[in-house]
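This report examines selected features of one protein model, beginning with a pair of helices and moving on to charged pairs and local details of the backbone. Please keep the sequence and the structure in view while reading.

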Amino acid sequence: MKKILTSLALIGLVAAGTGAAATWAIAAEEAHNAAAPTHFPIDEPKEISWSFAGPFGTYDKAQLQRGLKVYKEVCSACHSMNLVAFRTLSDLGYSDAQIKSLSAGYTIHDGPNDAGDMFDRPGKPSDYFPPPFPNEQAAASANGGAAPPDMSLLAKARGVERGFPQFVFDIFTQYAAGGPDYIHSLLTGYDQTPPAGMVIPEGTHYNPYFVSGVSLKMPKPLSDGQVTYDDGSPQTVDQYARDVSAFLMWAAEPHMEDRKKTGFRVLVFLLLFGALVYLTKRKVWEGVAH
């Protein structure tokens with residue numbers, strides 16, 4: 001009996017020592033990761049309340065118009081949006097005359113003409129947003145060797161994987177705002193101070209929400225009062241980030257509202273159809289002995 005008690009005591013001491021060592025190792029790893037993280041983004045994107053979130057969410061057209069203004073006055077200097085045609089801006093509440101006026105403000109490089117030459121002309125509603133650079137190589141050269149990504153599908157292409165159990169809840173809440181949440185957090189995450197000991201490469205900017213490293217070459221693009229709103233909305237970095245993130249979500253999925261309406265109708269039909277099938281089965285087999 002004494003030997004058994006002694007063995008149990010030794011096992012307890014070994015387990016306690018192992019637990020203490022594991023705790024120390026975890027603490028040391030966390031301290032190391034603060035200055036040299038092994039996963040990105042360092043901070044998880046903040047979840048924002050979006051009007052288009054959830055199974056019944058819809059776009060806020062006023063917000064989309066503000067987001068378009070932020071894109072035009074800030075983002076379009078570096079980022080293209082090659083898959084968005086001017087005519088689709090009717091979804092944002094613009095009239096045909098407004099779209100014609102907006103598209104005419106852009107210069108489209110077109111051709112060749114009958115003489116075989118390329119030429120410039122004013123934009124038309126059927127045109128797409130023209131890129132700020134003639135080609136990808138020129139875009140990379142003007143931005144430190146990395147071409148800025150096209151923004152047409154950015155809100156669907158970007159995002160952070162949500163681990164267990166969040167992804168389980170996402171199935172029921174229909175969470176699909178990972179891209180806008182990420183874009184908003186990235187645009188508002190420039191003013192944070194990096195942890196002590198973290199080395200930020202020269203010519204880059206620290207952002208704990210960046211999904212590919214500790215810093216990125218794009219400087220802080222937004223500042224308070226940078227874009228003038230005509231509807232009285234706050235002219236702050238947070239508001240700009242929210243508006244342009246919502247606009248990019250629309251650009252990536254312009255038919256989202258129609259998709260949700262169709263899905264809801266299909267579910268209602270399936271429920272009614274299932275109920276009719278069940279009642280038919282009861283009626284047909286009611287008098288049959290089992």
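## Two packed helices

Helices H7 and H8 run roughly antiparallel to each other, because an angle over 145 degrees counts as roughly antiparallel. The model is predicted: local features need pLDDT of at least 70 and side-chain atom pairs pLDDT 80 or more, while totals for chains, interfaces and linings use all residues. Residues are numbered from 1 along each chain as its sequence is written, and side-chain values use heavy atoms, with hydrogens and water left out.

H7 covers residues 178-188 and H8 covers residues 237-252; the two pack at an angle of about 150°, and their axes are 9 Å apart. Here an axis is a line fitted to C-alpha atoms over the stretch in contact, and the angle, from 0 to 180 degrees, is taken between N-to-C directions. Helices (H or I, at least four residues) and strands (E, at least two) are DSSP runs, numbered from the N terminus.

The crossing of H7 with H8 is right-handed, that is, the near helix is turned clockwise from the far one by less than a right angle. On the H7 side, the residues that meet H8 are Pro180, Ile183, His184, Leu187 and Thr188. They face Val237, Asp238, Ala241, Arg242, Val244, Ser245, Leu248 and Met249 of H8. Contact means heavy atoms within 4.5 Å. The residues of this contact divide into eight nonpolar, three polar and two charged. In this grouping, Ala, Val, Leu, Ile, Met, Phe, Trp, Tyr, Cys and Pro are nonpolar, Asp, Glu, Lys and Arg are charged, and the others, Gly among them, are polar.

How many of the 11 residues of H7 are buried? The count is 10 of 11, and H7 is thus described as mostly covered. Buried means under 20% relative accessible area, exposed means over 50%, and partly exposed lies in between (1.4 Å probe, protein chains only). Among the buried residues of H7 are Gly178, Asp181, Tyr182 and Leu186. The elements that cover the buried residues of H7 include H5 and H8.

## Salt bridges

A salt bridge is a side-chain nitrogen of Lys or Arg within 4 Å of a carboxyl oxygen of Asp or Glu. The count by this rule is 11. Three of these pairs are listed below.

| Pair | N to O distance |
|---|---|
| Arg66 and Asp231 | 2.9 Å |
| Arg66 and Asp243 | 2.9 Å |
| Lys69 and Asp230 | 3.8 Å |

Arg66 and Asp231 form a salt bridge. Arg66 belongs to helix H2 (residues 61-73) and Asp231 to the loop between strand S4 (215-216) and H8, so this pair ties together parts 165 residues apart in sequence. Arg66 is buried at 12% relative accessibility, whereas Asp231 is partly exposed, at 43%.

Arg66 also forms a salt bridge with Asp243. Asp243 lies in helix H8 and Arg66 in helix H2, and this pair links parts of the chain 177 residues apart. Both Asp243 and Arg66 are buried.

Asp230 is in the loop between S4 and H8 and Lys69 is in helix H2, so parts that are 161 residues apart in sequence are tied together. Asp230 is exposed, with a relative accessible area of 74%, and Lys69 is partly exposed, with 23%. Elsewhere, salt bridges that share partners join Glu47, Arg162 and Asp170 into one network.

## Local backbone details

Where are the cis peptide bonds described here? One runs from Phe40 to Pro41, with omega near 0°, and Pro41 lies in the loop between helix H1 (2-35) and H2. Another joins Phe164 and Pro165, with omega about 5°; Pro165 is found in the loop between helix H5 (154-157) and helix H6 (166-173).

Gln174 has a positive phi of about 60° although it is not a glycine. Gln174 lies in the loop between H6 and H7 and is partly exposed, with a relative accessible area of 45%.

Lys217 lies in the loop between S4 and H8 and counts as partly exposed, at 47% relative accessibility. Beyond residues up to four places away in sequence, Lys217 touches Asn143, Gly144, Gly203, Thr204 and His205. The C-alpha atoms of Lys217 and Glu202 are separated by 9.3 Å, the two residues being 15 apart along the chain.

Definitions and conventions:
Parallel < 35°, antiparallel > 145°, perpendicular 65-115°, else oblique.
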